[in-house]
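Work through the exercises below with the sequence and the model side by side. Each task is followed by a solution that goes step by step.

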Amino acid sequence: MSQLELYILAFFVAFTVSLLSTPLVIKFAKAIGAVDQPDYRKVHKQVMPRMGGIAIIIGTIAGFLIVPVESPYITSIIVGAGIIVIVGLLDDLYTLSAKYKLIGQLLAAGIVVMSGLRIELINLPFDVQIQLGFVLSAILTVLWIVAITNAINLIDGLDGLAAGVSTIALASILAMAILDGQYLVVPIAIILIGSILGFLPFNFNPAKIFMGDTGALFLGYAIAVISVMGLFKSVTVFSLVIPIIILAIPIFDTIFAIVRRILNKKKISEPDKSHLHHCLLEMGFSHRKTVLIIYVVNIFFGVSAIVFSNAALWGSVIIIAVLLLLIELSAELIGLIGNRRKPLINMFRRFVLKRPVRKHSN
């Protein structure tokens with residue numbers, strides 16, 4: 001059997017096992033009381049079983065039985081994943097505080113970093129290299145893993161949203177890894193995609209089960225780790241931007257949430273109902289249309305990352321500038337920072353349209 005055939009087999013095994021195990025996980029979650037209660041901040045109106053990430057994890061394990069991954073880091077990655085899964089399971093059962101979840105994430109990320117998997121070197125233009133050193137590379141890698149783990153978790157607010165965004169991000173990373181010859185990442189991404197797609201029919205609107213923190217934290221951790229393995233290990237300064245472009249939606253949704261809460265003088269960890277999906281729903285889009293819109297935008301960023309990776313120096317600068325401008329403009333139009341905080345739009349009105357900007361009390 002060729003390597004390609006083995007990858008295809010692993011994909012279908014992961015997909016099938018995840019698909020067949022999800023109904024069993026639904027019954028299990030209901031039996032042990034792992035359910036999500038509706039409240040003012042949530043979109044669903046009825047009690048829903050969560051912990052659906054177990055099916056994704058089971059599918060992933062089945063896929064790796066077909067294609068074992070050989071890497072000096074794999075044991076530490078698995079141990080870290082185990083910690084993340086335990087944290088997710090406990091949160092789905094008992095709703096852990098943000099502090100305890102963060103401790104678990106830091107522990108998992110620390111284990112990965114101590115195995116030697118770190119962002120170690122940055123190549124600047126004009127043949128300038130920056131060796132980060134152990135401390136700086138460790139801090140940067142831990143921050144990346146924790147940030148992406150939480151970003152995927154935060155965007156898990158609508159049926160099928162986190163699953164679809166994760167699939168698109170993994171597909172983009174897969175394409176980049178193939179183009180860059182980072183073949184260690186290929187089977188991992190393929191198996192994860194198969195596992196998520198097996199779960200998605202039960203999670204897409206109207207959902208029969210949520211992936212819960214068990215699934216969202218696991219997927220965030222997995223995406224963060226394989227992006228370090230495939231795109232971050234030793235990179236040019238512009239290649240550092242590639243995973244950020246691929247994961248633009250969860251990353252910038254999280255950044256705008258932090259900015260929004262600081263401006264509103266709230267705790268950063270305090271949940272609100274002003275995330276991207278909430279804002280789109282508020283604009284009148286249906287549940288499904290909101291999810292599909294975010295899918296399309298995520299695909300756009302994935303394609304942009306591929307184009308960016310093949311662009312010349314000044315082309316890369318232009319792409320970054322355009323994407324940042326689009327992100328800020330979209331955030332202001334949608335209301336991610338707040339309906340009345342629109343610095344870019346106000347600047348355009350003042351200097352281009354020559355119109356006075358209305359002042360608001362907040």
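The protein chain has 14 helices and five strands, where helices (H or I, at least four residues) and strands (E, at least two) are DSSP runs numbered from the N terminus. This is a predicted model, in which local features need pLDDT of at least 70 and side-chain atom pairs count only at pLDDT 80 or more, while totals for chains, interfaces and linings use all residues. Residues are numbered from 1 along each chain as its sequence is written, and side-chain values use heavy atoms, with hydrogens and water left out.

**Exercise 1.** Find which element of the protein chain has the lowest mean pLDDT and which the highest.

Solution. Start with the chain, whose mean pLDDT (the predictor's confidence in each residue, from 0 to 100) is 86, with 89% of its residues at 70 or more.

**Exercise 2.** Describe how the axes of helices H1 and H2 cross, and state which residues make the contact.

Solution. First, take the axes, which are lines fitted to C-alpha atoms, for helices over the stretch in contact, with angles running from 0 to 180 degrees between N-to-C directions. Those of H1 (residues 3-32) and H2 (residues 53-66) come within 7 Å and cross at roughly 150°. Next, classify the angle: H1 and H2 are therefore roughly antiparallel to each other, a term for angles over 145 degrees. Finally, list the contact (heavy atoms within 4.5 Å): H1 contributes residues including Leu-6, Val-13, Ser-21 and Phe-28, and H2 residues including Ile-54, Gly-59 and Ile-66. By class, this contact of H1 with H2 has 14 nonpolar, five polar and no charged residues, where Ala, Val, Leu, Ile, Met, Phe, Trp, Tyr, Cys and Pro count as nonpolar, Asp, Glu, Lys and Arg as charged, and the others, Gly among them, as polar.

**Exercise 3.** Decide whether Phe-15 and Glu-332 are buried, partly exposed or exposed.

Solution. Begin with the cut-offs: buried means under 20% relative accessible area, exposed over 50%, and partly exposed in between (1.4 Å probe, protein chains only). Phe-15, in helix H1, has a relative accessible area of 26% and is partly exposed. Beyond its neighbours within four places in sequence, Phe-15 is in contact with Gly-194, Ser-195, Leu-197 and Gly-198. Glu-332, in helix H13 (residues 313-334), has a relative accessible area of 1% and is buried.

Methods. Angles under 35 degrees count as roughly parallel, over 145 as roughly antiparallel, 65 to 115 as roughly perpendicular and the rest as oblique.
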